[in-house]
Structure formats: C-alpha cells, structure tokens
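Subject: Structure handover

Hello,

I am passing on the structure we talked about. Please look through it first, then read the notes under it.

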Amino acid sequence: MPRTAMIAANWKMYKTPAEAKAFLDAFLPLVADHDRDAIAIFPSPVLLPTVIEVAKGSNVAVGAQNIHFAEEGAYTGETSIGQLIAVGGTHTLIGHSERRQYFAETDAIVNKKLHTALKHGILPVVCIGEVLGEREAGKTEEVLKTQVTGAFAGITAEMAKPIVIAYEPVWAIGTGKTATPAIAQEAHVLIKSLLGVPVLYGGSVTPGNAADLFAQPDVDGALVGGASLDLESFAAICRAAASHS
Ligand code: PGA
C-alpha cells in the first residue's frame, strides 16, 4: 500500500466552470511531480466535463461527489455511473456526511452505491465518521463499526482492494476543529483493523495542520473541503503529503 494513497479535493457546491478551469491551469504545474492519481478532484457534476478536459494528460484524477446506485432511471436531479464514465470520470465519493445529513443517505444506500461503483470500475472513496454527540457519548468505535459493516455488506476482501475510506469526524468538517493527530490515528487504526484499505483523514485539513496529520503512521492521505478551494492551500497540502510518502 503506498504511504500516500490520495489527497482529494471535495469542492462541494462551489466554483463555476471558468473558476474551475482557472484553478486547474494554475494548479497542475504546481503538482506536476506528484505520483499519478495521488491527487483527485471531486467537483459538482456540472463541472465534470470542464475539469476532466483540463486535467486530461495530467497526474490529477477527477471524480464525482455522488452517484446514484441505479444504472439509469427516473431519478430527477441525480447522476448515474454511466454518465460519470461517459464524461471520463474515474472516481466517486460515496456517503459523504453531508449526503447522509441533508439527503438521508443511509448505510444501506451507501452499500448499494459501493456495489454500483465497483461493478463499473469506478474508484470509490467511502466516507464515514461520527457526530459530536456520538464521540462525547464514547460511541465512536461502535458508530464506525456499524458504518463499515453496513457499507461493506456483500463486499469480499478481493472486491475491497480498490476502495479508499475517508474518516471524517462530522464535528471537524467545515468547523475549523480538526481532530488531533492522535484522534485521527486511533480511528484509522480501528478502521484498518476492520478493512485493510487505505484511510484518508478529512475535517478542517489546512496547510497548517496537514504535516502533523500525515506524520501519523496510519493517515494515508486527506479529503479536503474548504482548503481545497484555494489552489495555493491545496498545493501546500499536496506537498506536505509528498514529503511523508
Ligand atoms: P472541510 O471539509 O475540509 O471543509 O472540513 C471536508 C469534507 O467535507 O470532505
């Protein structure tokens, strides 16, 4: 397993196509010496064709923030895996906490999406993490185990090989309250003991805290939201990861 599995940018519902293009034109030269596919960008679906076109031939992979589990159908507002593949996307996030919180995504839905992604050869980044109340109640381990078990139902060890997990404590996402490196390390060890796949950390990762997080032996990369919108910040996080790989 490579030490740095992936540094991923979750752009959420930000940027226009013109802004995305300007970002990549300036960003790609800054990370030209990184390993291929070690960096992935997850923009809104409407930005995918632009971002894929501009990133073509570079070492940066591009994926969706979400896919539907059905191959196609009457699912207004959703994106199918076939549509993602048709525009050249190779990765997808699955089960991001904002999907779980605002769009009622359950572990059972995450599981269906994971099966769909694997069936079509799309690399899945499955997001898990506890909310603050669960951590304060001492339930973090139980919650992570439940999420992992639900998400991975019917997935064999062989099938799990391309999967990447993102551990994102919900209380750390967009709050500026990063998990301490020790908290991240503890959760990553638990997740790896269950799954044996690379685990990224997500939740208020910045250029200021990235090096300390990557210094943990079981932090294999990062899923970055806010700080990935700024190309200098995201490039600095990628550099911090490269120096620990
Ligand atoms: P953040 O978001 O870096 O802004 O906390 C992370 C995420 O939601 O993936």
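**Helix packing**

Helix 7 and helix 9 cross in a right-handed way (the near helix is turned clockwise from the far one; left-handed would be anticlockwise by less than a right angle). Helices are DSSP runs of H or I with at least four residues, numbered from the N terminus. The axes of helix 7 (residues 140–151) and helix 9 (residues 181–195) come within 11 Å and cross at roughly 35°; axes are lines fitted to C-alpha atoms over the stretch in contact, and angles between N-to-C directions run from 0 to 180 degrees. Helix 7 brings Glu141, Leu144, Lys145 and Val148 to the contact, and helix 9 brings Ala187, Leu190, Ile191, Leu194 and Leu195 (contact means heavy atoms within 4.5 Å). By class, this contact has 7 nonpolar, no polar and 2 charged residues (Ala, Val, Leu, Ile, Met, Phe, Trp, Tyr, Cys and Pro count as nonpolar, Asp, Glu, Lys and Arg as charged, the others as polar).

The model is predicted: local features need pLDDT of at least 70 and side-chain atom pairs 80 or more, while totals for chains, interfaces and linings use all residues. Residues are numbered from 1 along each chain as its sequence is written, and side-chain values use heavy atoms, without hydrogens and water.

**Ligand**

The shell around the ligand has 4 nonpolar, 7 polar and 2 charged residues. An oxygen atom of the ligand is 2.7 Å from a side-chain N or O atom of Lys12. For Gly174, a backbone N or O atom lies 2.6 Å from a ligand oxygen atom.

Regards

Terms used. Polar contact = N/O pair within 3.5 Å; in protein donor to acceptor, adjacent residues only side chain to side chain. Helix = DSSP H or I, 4+ residues; strand = E, 2+ residues; numbered from the N terminus.
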